[in-house]
Amino acid sequence: MSSAASKRRVTIAVARKDLTIEWNSRILVNQVAPFAAIVMVLFAFALDNDGILQRVAPGLVWLATLFSMLVVIQRSFTVESADGALDALRVAGIDMGAIFAGKAIALMVQLFVLELLLVATAVVLYGVEMTLAGFCEAIVTLLVATVGLGSVGTLYGGLAAGARGRETLLPLLLLPVVAPVLIGATRATEAAFGSGGTTVSEGWPWIGLLLVFAVLFCAVGTVAFGPLVDE
Amino acid sequence: MKHASFIFGSWGITAVSVAAYAVWIIRRGRELAKHATSEEMPWT
Amino acid sequence: MAGQSGTGTSATRRLGIVVILMLGVLALCGLWFSAEDVVQGSTVRIMYIHVPSIWTAYIAFAMTAVCSGVYLSAKNRSLAWDRVAGASGEIGVLFVAVSLVTGSMWGRLTWGTYWVWDARLTSTAFLFITYIGYLAVRQLGGTHRQRARRSSVLALLAILEIPLVHFSVSLWRSLHQEASVANPNAKVELDGLMLFSLFLGLIAFTLLFVWLLLHRQRAMMLEDAFSDRGLDVAITARRNEAGA
Amino acid sequence: MDTVIELSGVVAVLGQFPALAGIDLAVQRGEIVLLQGPNGAGKTSLLRVCAGLLPIERGTGHVLGIDLATNREAIRSRVGLLGHANGLYLDLTVMQNMQFWASTVGATKSEVDSAMATMRIDGRLARVKASQLSAGQRRRCALASLIVRRAEIWLLDEPHAGLDAAGRDELDALLRSAVSSGATVVLASHERDRALGLATRTVTIDGGGAS
């Protein structure tokens, strides 16, 4: 049961299952995305200056992503514990690394959609303008940052899921860890948006940082998820 | 000495917090040890 | 008195006396005998406790990581390793908090503000929050083994995360070349007595750490033993339910 | 005879509470053992220990020859547990739940179809979301997922709960056929009359121990 083929099968099944749940319930579309959008509008109220907004748009996109991510992760594990489904998977001896990979992939897909939406919001609301090269860089940034966020989010989400007071524990554990993503993704997006006179080429080193983060936490998550989640 | 309040203040904060922690664990240890058997305290 | 006074032994008492004497000498040297720095003036006196505090915090967190690793890799999975890791993490949080406070007071004198977004300062703040999270996870409940497994994995994760956070924060700062911030340690020209005070501080705080760790770890051992004993009582009570 | 479950002096802890307080139990292959006892006696925890879910704090235990203290993860793929919860995803339809389950445990489509037919959750019900099912229908789904596991030991916690009379007959038939093909069944049930007719042996659990 622990062959590579069965792990891949479980990974795909779990990812598809989480996405089907989202498709059936539309929580991301009907609740999380509007939440993220209203956060972007509130930033505009708080800063109240077009020049500043344009300058800080990348940071606001990623802050809104992080806050929405907390909600999506909680949801991802509430679904598992609502009727003891994760227990059932554990009793069936399903490989925890594969479950981690599947849930992380589903989370990444959802986050990516959300980020696209937030970038579009920034373009519309904050008057961001992008060149073609900048657009390509923005897409690469989104992809790499999302892989890092999805893996680390699933890892800590699983740890917090079994705990009392999980709503408060998850941000405490997760937000310090994702600081490198916030820093790297914001700088790379600034380069892509050309905010504050940056050029597109300045963004690529930051994407390298994001890549290191993503690779590290994908690898670590596969190993550490089981011991963190299991009783 | 210039800035005496900051200098003594920083030494004082360090001393007070470390001392408070030390007193807390000693008290806690004594409290627990009152009810402990000698097998539970292998260091004695 | 002898032997039965809590978590102390004659060895820890002797160690405690040595630590107190050394700290006394440190206070005399640091606050009184040592000269003022040419550039920093009297503010350099904060260094003699600030640097040893952060040094102790680093030792403590390294200890937490090593003990967590040993706990996970050792065959018998002795809970003693987990307790040392936990005790060390707790002491580390205390010292990192102290060094953040004294550091920002020092910063107020040398930089004019309590906080600058310097790479080292920022990543120390992250270190603080990360280990607060570690202590929170230790309090989650469950059996001792569950606590030990969860927290040791988390401690190892923290060790991976900290260099990454530090690296990204320094990269972040290096691109923002603002008015070059006075680095409090680099500008200090240390003469003999000043160096002596600094090293005395490092040694005294390291021994202080050992002393605190021994006591805290023993207190944790008693806490664990008591909840085990509570379990014995609970098991008997549970068995008696059957007759009722 | 072949002993598949062997517990001696097992203590299992929930938080600080000893749900099992030194229990002894031996189950032979092919038995249908009924666990009886009041609420909170430790029946659920006993089943979870046997499934390798709950760690044992003291005592020794072996399931299918595997040591519970050192290697309980290895037990999991060989036993099936039906707990209080049904392990369903409420936002998925019955069919989607079963398909997901089948692909994780590696069951074929025909096995799934026949299991769904056995528990009569095929046809129109298959397209209904799990959140809209009645308690009995959810129980049927959980049993169907258990069937495709082809477990060597079936651990059932209140399997009759929520099932109608026909469902209970089907469950009994299912368990008898599982046993005749070499499985062992341990079940906890408050449906005393029905379970007694099924069981080959009764064990009374109380105060976290067996008698």
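# Exercises on a predicted four-chain model

In this predicted model, helix α2(C) passes helix α6(C) in a right-handed crossing.

**Exercise 1. Determine how the axes of α2(C) and α6(C) are oriented to each other, and which residues form the contact.**

Solution.
- Step 1. Helix α2 spans residues 47-73 of chain C and helix α6 spans residues 192-241 of chain C; their axes come within 8 Å and cross at roughly 40 degrees.
- Step 2. Angles under 35 degrees count as roughly parallel and 65 to 115 as roughly perpendicular, with oblique used for the rest. The crossing is at roughly 40 degrees, and α2(C) and α6(C) are therefore oblique to each other.
- Step 3. On the α2(C) side, the contact is made by M47(C), Y48(C), I49(C), V51(C), P52(C), S53(C), W55(C), T56(C), I59(C) and A60(C). On the α6(C) side, S197(C), L198(C), G201(C), L202(C), F205(C), T206(C) and F209(C) take part.
- Step 4. Sorted by class, this contact of α2(C) with α6(C) has 12 nonpolar, five polar and no charged residues.

**Exercise 2. Describe the side of chain C that touches chain A.**

Solution.
- Step 1. Chain C contributes 19 residues to the contact, and chain A contributes 19 residues.
- Step 2. Two helices of chain C, α4 (119-138) and α5 (144-174), each supply at least two residues of this side.
- Step 3. The most comes from α5(C), with 13 residues.
- Step 4. By class, the side of chain C that touches chain A has 12 nonpolar, four polar and three charged residues.

**Exercise 3. Find the residues that touch the most other members of the largest nonpolar core, and list the contacts of L210(A).**

Solution.
- Step 1. The core holds 218 residues, of which L210(A), C50(D), W154(D) and L155(D) touch the most other members.
- Step 2. Helix α5 (residues 96-126) of chain A gives the most to this core, with 17 residues.
- Step 3. With neighbours within four places in sequence left aside, L210(A) is in contact with T141(A), V144(A), A145(A), G148(A), V181(A), G184(A), A185(A) and A188(A).

**Exercise 4. Characterise chain B and state which chains it touches or does not touch.**

Solution.
- Step 1. The secondary structure of chain B is one helix and zero strands.
- Step 2. Along the principal axes, the C-alpha atoms of chain B fill a box of roughly 55 × 15 × 10 Å.
- Step 3. Chain B has 44 residues, and 25% of them count as buried.
- Step 4. Four pairs of chains are in contact, and chains B and C share the most contacts.
- Step 5. No contact joins chain B to chain A, the closest C-alpha atoms being 24 Å apart. Chain B does not touch chain D either, with the nearest C-alpha atoms 18 Å apart.

Note on methods: Residues are numbered from 1 along each chain as its sequence is written. Chains are lettered from A and ligands numbered from 1 in the order in which they are written. This is a predicted model: local features need pLDDT of at least 70, side-chain atom pairs count only at pLDDT 80 or more; totals for chains, interfaces and linings use all residues. Axes are lines fitted to C-alpha atoms, for helices over the stretch in contact, and angles run from 0 to 180 degrees between N-to-C directions. Helices (H or I, at least four residues) and strands (E, at least two) are DSSP runs, numbered from the N terminus. Angles under 35 degrees count as roughly parallel, over 145 as roughly antiparallel, 65 to 115 as roughly perpendicular and the rest as oblique. A crossing is left-handed if the near helix is turned anticlockwise from the far one by less than a right angle, and right-handed if clockwise. Two residues are in contact if their C-beta atoms, placed from the backbone, lie within 7 Å. Ala, Val, Leu, Ile, Met, Phe, Trp, Tyr, Cys and Pro count as nonpolar, Asp, Glu, Lys and Arg as charged, and the others, Gly among them, as polar. A nonpolar core is a set of buried Ala, Val, Leu, Ile, Met, Phe, Trp, Tyr and Cys residues joined through C-beta atoms within 7 Å. A residue is buried if 20 or more other C-beta atoms lie within 10 Å of its own, exposed if 12 or fewer, and partly exposed in between; C-beta atoms are placed from the backbone.
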